[in-house]
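Please keep the sequence and the structure in view while reading.

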Amino acid sequence: MHSYLLMFVDTIFGFFALFVLTKILGKTQMSQLTAFDFISAVILGELVGNALFDKEAGILEIAFVIILWGGLLYGVEITTQRFKRTRYLLEGKPSLVIHKGNIIRKEMKKNKIDIGELQHLLRVKDVFSVQEVEYAILETNGQLSVLKKADYQSPNKKDLNVYPTEPFLPFTVISDGEILMDNIIEAGLTEEWLHNEIKRQGYTSVKDIFYGEYVKGQKLFLQPFIEEKKRESD
């Protein structure tokens with residue numbers, strides 16, 4: 001019974017100590033944490049957890065661990081505020097994954113995301129078609145910031161009192177140079193039609209296409225394999 005009482009006291013102390021430390025460091029919400037913040041939170045929780053279940057550890061030991069780790073985190077925060085060059089090293093930097101409507105494969109590979117993950121991040125921003133995007137920036141916290149093309153920005157059809165047309169869900173028909181037959185069939189298309197459209201747009205083979213998207217009533221959208229361009233000259 002005595003051991004349970006000690007664990008209870010240690011847990012309560014650890015809880016309030018972590019709460020105070022979080023307030024002092026000014027941590028953001030979990031959805032806004034950078035990779036470094038997330039790792040720090042996991043390690044801090046692990047250190048406190050080990051201290052709680054260590055029979056030799058008490059309040060003083062837990063306080064030492066929290067103060068030591070909190071001091072390291074505070075030191076990192078001060079360093080990134082005073083020395084701007086250290087921010088990219090410790091916090092990372094945003095990545096431009098779509099530039100002027102073109103998907104930048106180099107940045108996607110660097111951040112280890114594929115087309116499916118990019119589409120998921122876009123849908124979170126209420127963007128269901130890559131064709132609508134002019135720029136997309138992958139932030140350091142893993143969220144995507146999107147700037148739509150001028151044709152898809154406000155004011156919308158409702159603002160202009162224009163009769164709305166029926167919306168259609170886009171289908172990814174080509175990904176990384178490969179045809180997605182399931183989507184082709186679901187869209188009511190054929191492989192022959194797709195090859196003809198590819199040749200009509202000046203490409204010789206599906207292997208030349210990094211990403212292909214079909215929306216009913218619109219021209220087939222094709223993104224070839226291209227390298228990242230110099231943005232200053234665009």
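## Salt bridges

The structure, which is a predicted model, holds 2 salt bridges.

One of the salt bridges joins Glu107 and Lys110, whose closest N and O atoms are 3.5 Å apart. This separation falls within the 4 Å limit that is applied to a salt bridge between a Lys or Arg nitrogen and a carboxyl oxygen of Asp or Glu. Glu107 and Lys110 are 3 residues apart in helix H5, which comprises residues 105-110, and so they are separated by about one helical turn.

Glu197 counts as buried, at 11% relative accessibility, while Arg200 is exposed, with a relative accessible area of 63%.

## An open sheet of four strands

An open sheet is built from 4 strands in the order S2-S1-S3-S4, and the pairing is antiparallel. Which strands stand at the edges of this sheet? They are S2 and strand S4 (144-148); each has a single partner strand, so one side of each is left without a neighbour in the sheet. In general, the strands of a sheet pair through backbone hydrogen bonds, and the arrangement is either parallel or antiparallel.

The pairing of S3 with S4 is antiparallel and extends over 5 bridges. Tyr135 stands opposite Leu147, a residue of S4. Helix H6 lies across S1, S2, S3 and S4, and it runs at about 75° to S4.

## Two residues with positive phi

Lys100 has a phi near 50°, which is a positive value in a residue other than glycine. Lys100 is located in the loop between strand S1 (95-99) and strand S2 (102-103). Is Lys100 buried, partly exposed or exposed? Its relative accessible area is 37%, so Lys100 is partly exposed.

Asp126 likewise is a residue other than glycine with a positive phi, in this case near 65°. The position of Asp126 is in the loop between helix H6 (115-124) and strand S3 (133-138). With a relative accessible area of 58%, Asp126 is exposed.

## The chain as a whole

How many helices and strands does the protein chain contain? There are 8 helices and 8 strands. The chain has 234 residues, and buried residues make up 33% of them.

Contacts can also be described by the distance along the sequence between the residues that they join. Among contacts in the protein chain between residues at least 6 apart in sequence, 56% join residues at least 24 apart.

Definitions and conventions. Residues numbered from 1 in each chain as written. Predicted model: local features only at pLDDT ≥ 70, side-chain atom pairs only at ≥ 80, totals over all residues. Heavy atoms only, no water. Buried < 20%, exposed > 50% of the residue type's maximum accessible area, 1.4 Å probe, protein only. Pairing = 2+ DSSP bridges. Contact = heavy atoms within 4.5 Å. Axes fitted to C-alpha atoms, helices over the stretch in contact; angles between N-to-C directions. Salt bridge = Lys/Arg side-chain N within 4 Å of Asp/Glu carboxyl O.
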